[in-house]
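Here's a quick briefing to read alongside the model. Have the viewer open and follow along.

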Amino acid sequence: MGDAAGSLSPEREDQFDRLPDALLLVILNRIGEVKSLGRCCIVSRRFHALVPLVDSVVVRVDCVISDEPSPPPSTSDKPRGVLSHFARLVLSGLVKPWQALGHILGPPTSSPSSSPRRSSEPSSSSPEVSHHSPAEVLRNFKEIRRLRIELPAGELGVEDGVLLKWKAAFGSTLDTCVILGASSVSPTNPNPNSYPDSLCAGSSDDSGSIPESFYTNGSLKLRVVWTISSLIAASARHYLLQPIIADHETLETLDLTDADGQGTLTMDRAQLQELRVRPVSASGSSQRTLVPALNMRLWYAPHLDLPGGLVLKGATLVAIRPSGVEQQPRDIGGGSEGFSWVSGVFEEPYRSAARLLVKRRTYCLEMNSF
C-alpha cells in the first residue's frame with residue numbers, strides 16, 4: 001500500500017518535461033494557428049520560450065478596419081467593394097487574463113510555472129478585449145518559414161450564384177494572375193466518374209468562338225470589371241504585406257487568402273527576396289501596389305459542363321502577366337502548350353474548368369498600368 005501511495009504522489013516527475021524541445025516544436029508547428037500558439041505561451045516558461053521558434057504559422061484575421069469614414073446609414077447595406085482602402089488587419093477576441101498574444105509580443109507580467117500542467121489561475125478582474133495587427137502579433141516569432149494569413153471574407157461583392165475566383169503571384173510587383181468567373185453556377189446530374197482525364201466542354205460550341213451577343217449585352221464589360229476588381233484586391237493585399245516581409249527574413253512562402261476562398265495572393269522565396277531588395281511602387285495615393293502594364297489572355301464558354309455535376313454559364317478564364325514577359329509554361333497541370341501554369345492554379349472542380357477553357361480559342365487583350 002505504501003508503494004501504491006508513493007506512486008500517486010503529486011511530487012512525482014512530470015513525464016511531459018522529458019519530451020525534447022524538437023518534439024514539442026513539431027507539435028507546436030502542427031498547431032500553427034497564432035491565437036492557439038499565444039494561449040500556449042501562458043502554459044509554462046518552456047512553452048513561452050519555444051513558441052517564438054515555430055516556423056509554420058497561420059493568422060486568421062477577425063476584421064479589416066478602413067481609413068475611410070463610415071458610410072451614411074442609407075448606404076451601410078451595400079456590398080463591400082475593393083475600392084475601400086485597407087488600413088489595418090486586426091485580430092480581436094483575446095480576452096484578459098487569457099491575453100495570449102501579449103505573451104508573444106512582450107515579456108510575461110508574471111512568472112509562469114515550469115510545468116505545462118500547472119498554469120496560473122484566471123484573474124478575477126473584468127475581461128478586456130485586446131486588438132493586434134498581424135505585423136504586431138508576428139514580430140516576436142523568430143524563425144517563420146511558412147506563413148498563411150486568412151482574411152474574414154473576400155473583398156469583391158458579387159451577386160449570389162456568381163462565381164469569381166482569382167490567384168495572383170507577386171514579387172515587388174505583379175508576376176502572374178489567373179481569374180476564373182462565371183455568371184452562374186448550378187448543379188446538374190452527378191457524374192459517377194469524377195474528374196476523368198478525358199474532359200469535354202458539354203454543349204459549348206466546338207469552335208470556341210465568342211458569340212456576338214457577348215459584346216453587346218454587357219458580358220464583356222462585366223468581365224472587365226471582374227478583372228480590374230480582382231487586380232485591385234490583389235495589389236491592395238500585396239501592399240499590406242510589406243512590414244511583415246521586412247520583419248521576417250526567414251520567410252520562404254507566404255499566402256494571403258480569405259475565408260470565402262475568393263482570392264489568394266502567393267509569394268515564394270525568390271519573390272519575397274525581390275520585394276526586400278526592390279521597393280514597392282504605390283499606385284498614387286492609394287494603399288495598394290502599382291499594377292504594371294499587362295498582357296491578358298481570355299477564354300470563354302457560354303456553357304461548361306464540369307465533372308462532378310456542376311454547370312458554369314458564361315465561364316471565363318483570364319491569364320495575366322506584365323507586358324514584355326513571355327508566357328512560360330510550367331509543369332503544374334494540363335492545358336494547351338504555353339498555358340499549363342494557368343490550368344493548375346485552382347482546386348477541383350475549377351481546375352477542370354480551367355483545363356477545358358484553355359483548349360478553346362484564345363483572345364488577347366492589353367491593359368495600361370494603374
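Let's start at Ile-31, which sits in helix α2 (residues 21–31); helices are DSSP runs of H or I, at least four residues, and strands are runs of E, at least two, numbered from the N terminus. This is a predicted model, where local features need pLDDT of at least 70 and side-chain atom pairs count only at pLDDT 80 or more, while totals for chains, interfaces and linings use all residues. Residues are numbered from 1 along each chain as its sequence is written, and side-chain values use heavy atoms, with hydrogens and water left out.

**Surface**
- Ile-31 has 36% relative accessibility, so it counts as partly exposed (between buried, under 20% relative accessible area, and exposed, over 50%; 1.4 Å probe, protein chains only).

**Cores**
- The largest nonpolar core has 57 residues, and Val-57, Phe-141, Leu-147, Met-267 and Ile-320 have the most contacts inside it (a core is a set of buried Ala, Val, Leu, Ile, Met, Phe, Trp, Tyr and Cys residues joined through side-chain atoms within 4.5 Å).
- A second, separate core of 23 residues includes Leu-163, Val-178, Phe-339 and Ala-353.

**Helix α12**
- Helix α12 (residues 350–357) is largely enclosed by the rest of the structure, because 6 of its 8 residues are buried.
- Those buried residues include Tyr-350, Ala-353 and Leu-357.
- They pack against β6 (163–170), β7 (174–182), β11 (294–306), β12 (310–322) and α11 (340–343).

**Thr-266**
- Thr-266 is in strand β10 (residues 263–267), and at 18% relative accessibility it counts as buried.

How values were computed:
Contact means heavy atoms within 4.5 Å.
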